[in-house]
Amino acid sequence: MTNGLRNIETSVRTDFHGQMSYGRYLELDRILESQHPRSSPAHHDEMLFIIQHQTSELWLKLVLHELRESRRLLDEDDLGKALKCLARVKAIQRTLTEQWSVLGTLTPREYAQFRDSLGSSSGFQSYQYRAVEFILGNKHRQMLEVFTSEPQAYELLAGLLSEPTLYDAFLRALARAGYSVPADVLHRDVTQPWVFREDLVPVFQQVYESEDTPWGFYEACEDLVDLEDNFQAWRFRHLRTVQRTIGFKTGTGGSSGVDFLKRALDLTFFPELYAVRTEIGAPALPAFAKDHS
């Protein structure tokens, strides 16, 4: 029995000359030859640092792929499939957040021994991370200047800067379904970052409180909140990993490091979906109280 387990089944293909194999399909030669430590001699832990960030970039590529498809499906009022894309994004976010625990095994001493090899490179320069922020609403035209030396990155971000966000697509879908989304919201300058709109809060209050709300819209609101919560959890884990590794040193790309990451925690993509929670179920003030408030 033991020998039988060690034998390859006769039906298993073993000759891949001229055939598609696992390695060829995934182009593993290119992927696995793309780790090039810069320290000399190569420091053992630099491989961890490189692979951590390369895998994060692969996941970010898939996040952006799914967010763009979700936006397209919202434009077509295919809410169910759009939410399926968001469910996948949320699963990826959890994986990205947990990955920080791997980098957290890198001690300050170990990182210090190869940190100078990074030169001026920094996660701040991740154009895919910026692309995800752009499609979620945190647009920043000046950020394009960071990528003038990388035409592909610049083109991607310039395109997303001029396109509606995922939130824009959702609000337009709500409007087509009969919700009173203000006209100027529907026709806003999409190159600008999203700013809080108080007049949207009653729209979302209707979505949450009405028994007639189609379940898909209710679920979409909660999915967007999940997405932002996950993003904030990722940011916080990033901050804590950086702090435990380099303390309060400046970043290799010139940022203030931990202080810069702390400020990012104040950013929000869907502020109205948080503001509406204060209003849901709140008792209405009597007329006298309203007159003398």
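A salt bridge here is a side-chain nitrogen of Lys or Arg within 4 Å of a carboxyl oxygen of Asp or Glu. With that in hand, I looked through this predicted model and found 14 salt bridges.

**Entry: bridges across the chain**

I started with Asp77 and Arg176, whose closest N and O atoms are 2.9 Å apart.

Next I looked up Lys90 and Asp226, which form a salt bridge of 2.9 Å, N to O. This pair links helix α5 to helix α12 across 136 residues. Lys90 counts as buried at 13%, while Asp226 is partly exposed at 31%.

Helix α12 came up again: Glu222 there bridges to Arg277 in helix α14, 55 residues apart, with an N to O distance of 2.5 Å.

I also jotted down a salt-bridge network linking Glu69, Arg72 and Glu76.

**Entry: a buried arginine**

Is Arg235 buried or exposed? I found Arg235 buried, because its relative accessibility of 4% is under the 20% cut-off. Arg235 lies in helix α12, and its side chain makes a 2.7 Å polar contact with that of Glu133. Beyond its sequence neighbours within four places, its contacts include Tyr129, Leu265 and Phe269.

**Entry: the core**

The largest nonpolar core has 70 residues; among those touching the most other members are Leu67, Leu171 and Phe204. Helix α12 supplies the largest share of this core, eleven residues.

Definitions and conventions:
Residues numbered from 1 in each chain as written. Predicted model: local features only at pLDDT ≥ 70, side-chain atom pairs only at ≥ 80, totals over all residues. Heavy atoms only, no water. Helix = DSSP H or I, 4+ residues; strand = E, 2+ residues; numbered from the N terminus. Buried < 20%, exposed > 50% of the residue type's maximum accessible area, 1.4 Å probe, protein only. Polar contact = N/O pair within 3.5 Å; in protein donor to acceptor, adjacent residues only side chain to side chain. Contact = heavy atoms within 4.5 Å. Core = buried A, V, L, I, M, F, W, Y, C linked by side-chain atoms within 4.5 Å.
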